[in-house]
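Me: I would like to learn how to read the surroundings of a ligand and the contact between two chains. Could we go through them step by step?

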Amino acid sequence: MSNQQLPEHPDFLWRNPEPKSSYDAVIVGGGGHGLATAYFLAKNHGMTNIAVLEKGWLAGGNMARNTTIIRSNYLWDESAAIYEHALKLWEILPEELEYDFLFSQRGVMNLAHTLGDVRESMRRVGANKLNGVDAEWLDPQQVKELCPILNINDNIRYPVMGATYQPRAGIAKHDHVAWAFARKCDELGVDIIQNCEVTGFVKDGNRVVGVKTNQGTINTEKVGLCAAGHSSVLAEMAGFRLPIQSHPLQALVSELHEPVHPTVVMSNHVHVYVSQAHKGELVMGAGVDSYNGYGQRGSFHVIEHQMAAAVELFPIFARAHVLRTWGGIVDTTLDASPIVGNTPVENMFVNCGWGTGGFKGTPAAGLTFAHNIATGTPHELNKPFALERFETGALIDEHGAAAVAH
Amino acid sequence: MLLIPCPNCGSRDETEFHYGGQAHVAYPENPTELNDREWAEFLFYRDNTKGAFAERWLHSTGCRQWFNMLRDTVTYDIQSVYPMGTPRPAPANPAVPDSGTASTAADSTTTGAAAPSTSATSITAPEGATK
Ligand SMILES: Cc1cc2nc3c(=O)[nH]c(=O)nc-3n(C[C@H](O)[C@H](O)[C@H](O)COP(=O)(O)OP(=O)(O)OC[C@H]3O[C@@H](n4cnc5c(N)ncnc54)[C@H](O)[C@@H]3O)c2cc1C
Ligand SMILES: [Zn+2]
């Protein structure tokens, strides 16, 4: 909870080696997903002659920009399976990685504001229970007991009519998560190379055999793309298309406050999500900008909208100040589900399309993607998330159903 | 926040508009002849250009007319606005030189090895048949 101390950093995190001329596998993108993939490649598949290439600084992309919400209360079986697997991994990873990244299971509430919301929420609670995901329906009074600062009066524009609640959900310190994975990767021999931008690929027929970078060409047998926001730019370099659109997504924090907000509150309908960071900032997120963008900044009206919603739900926030706002670039799909699997290019694999919600999936993305890269075939959990689903029509339509708009 | 020059009403705040995604994507001319792959391309695959991008906007709370716009997806500079049904104008300033922020050239979609032009794979047909 909020009085948890920030952990001391181990004094050694990772080396900064020069890239070698060849690797057994190269992971493009040093965000949480790329690092988790490298970790599981090394740990579960014994592949240690591998590199993670990051064009900027380690985990400076969406990994450093997200609002850190972790939950697994997704509607469809395929999603519940992969996100719940991720949640189970979150529960054991601090010990496994020997690094306390303050995973705080303070619970997540998804508010309902209309009769439609109420029905959809109850349906999701039922579906979650059938899938072994902890879920409860709370009436407004129970909502108030769990989060006393929430306004449950019925004289506001969208009164709180109840909420779904997942007690095992919560938040974690995202940059510490990245550092935890990076440190273990490094220990296992993985080369983490920063300021190394992939600018093209070398192919032999339809097989990828190398990557071109601003630090020279690197030969490799396998390539895994973990470049959230830029997945389609890389795919195009490799000669194939992805059904991905990149959109700016913003978040903001207030100055530090005493602990006032004991859980995580999300509202799809009025569209804001709020938690309180370990140090005390109120952390808020909202929706994506409607247009395509790579500029890592978004529109001010989105912030105005989310603040209006936050102040109505939490009247005590009215006097809080916005300290910082920032944007990330998220790669969205039309069914709001990720794409993890093989590509039309041989030996090239893609993990993308996690949109606004991929932080929570980090451990499962890493585990399943590593399996897919090492064996050439998908893990049971990522099989439904293959690129082919857009052709077969077996979409996993989490739009709305996932309890937050994408 | 974008200030969008509606061709009918003049410059208005972004909140008055509705985004319509990639421009110049026409309904297939012979739908019955499309295979699953081609349908997938039409329904789900759109260009996601980093740089100058032709897209559609609807002035929903103004004249309620659709129009096309060429916008840089990195700098968010609006390069031109033109009517539905007319071809994409040549970029006024192909290299987008001193935009201040990250150059689009460095990441331009043609830097890759042997990357085919995606517009060759997208379904383009006579204009005006969109949406
Ligand atoms: C404001 C915001 C709030 C969010 N809130 C949540 C939340 O509460 N919960 C949740 O689950 N998810 C959330 N997300 C989504 C989540 O952050 C992403 O889905 C997830 O981080 C994506 O995986 P990643 O961590 O590997 O991506 P990133 O950290 O973005 O990693 C991709 C990396 O690839 C690098 N890269 C790109 N191109 C190249 C290249 N050519 N060569 C080398 N490297 C390259 C980038 O620099 C970047 O570091 C949020 C996102 C944002 C922006
Ligand atoms: Zn107009």
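Reply: Let us begin with the ligand, keeping in mind that this is a predicted model. A backbone N or O atom of A:Gly355 lies 3.3 Å from an oxygen atom of ligand 1, while for A:Gly358 the corresponding distance is 2.9 Å, and for A:Lys360 it is 2.7 Å.

Me: How much of the accessible area of ligand 1 does the protein cover?

Reply: Taken on its own, ligand 1 has 1,000 Å² of accessible area, and the protein covers 96% of it. Two or more residues of the shell come from each of α1 (32–45), β12 (245–256) and β16 (322–332) of chain A, and β12(A) gives the largest share, three residues.

Me: Which classes of residue make up the shell around ligand 1?

Reply: The shell divides into 15 nonpolar, 16 polar and five charged residues; among the closest are A:Glu54, A:Asn62 and A:Met63.

Me: How is the size of an interface usually expressed?

Reply: It is often given as the accessible area that is lost when the parts come together. Here, about 3,100 Å² is buried between chain B and chain A, with carbon and sulfur atoms giving 51% of that area, and the contact takes 34 residues from chain B and 36 residues from chain A.

Me: How many salt bridges are there between chain B and chain A?

Reply: The count is three salt bridges, one of which joins the side chains of B:Asp47 and A:Arg241 at 2.5 Å, N to O. On the side of chain B that touches chain A, α1(B) gives the largest share, six residues, and by class this side has 14 nonpolar, 11 polar and nine charged residues.

Technical notes: Residues numbered from 1 in each chain as written. Chains lettered and ligands numbered in written order. Predicted model: local features only at pLDDT ≥ 70, side-chain atom pairs only at ≥ 80, totals over all residues. Heavy atoms only, no water. Contact = heavy atoms within 4.5 Å. Buried area = accessible area lost by both parts, 1.4 Å probe. Salt bridge = Lys/Arg side-chain N within 4 Å of Asp/Glu carboxyl O. Helix = DSSP H or I, 4+ residues; strand = E, 2+ residues; numbered from the N terminus. Nonpolar A, V, L, I, M, F, W, Y, C, P; charged D, E, K, R; others polar. Near = heavy atom within 4 Å. Polar contact = N/O pair within 3.5 Å; in protein donor to acceptor, adjacent residues only side chain to side chain. Areas by Shrake-Rupley, 256 points an atom, 1.4 Å probe, with all protein chains shown as cover.
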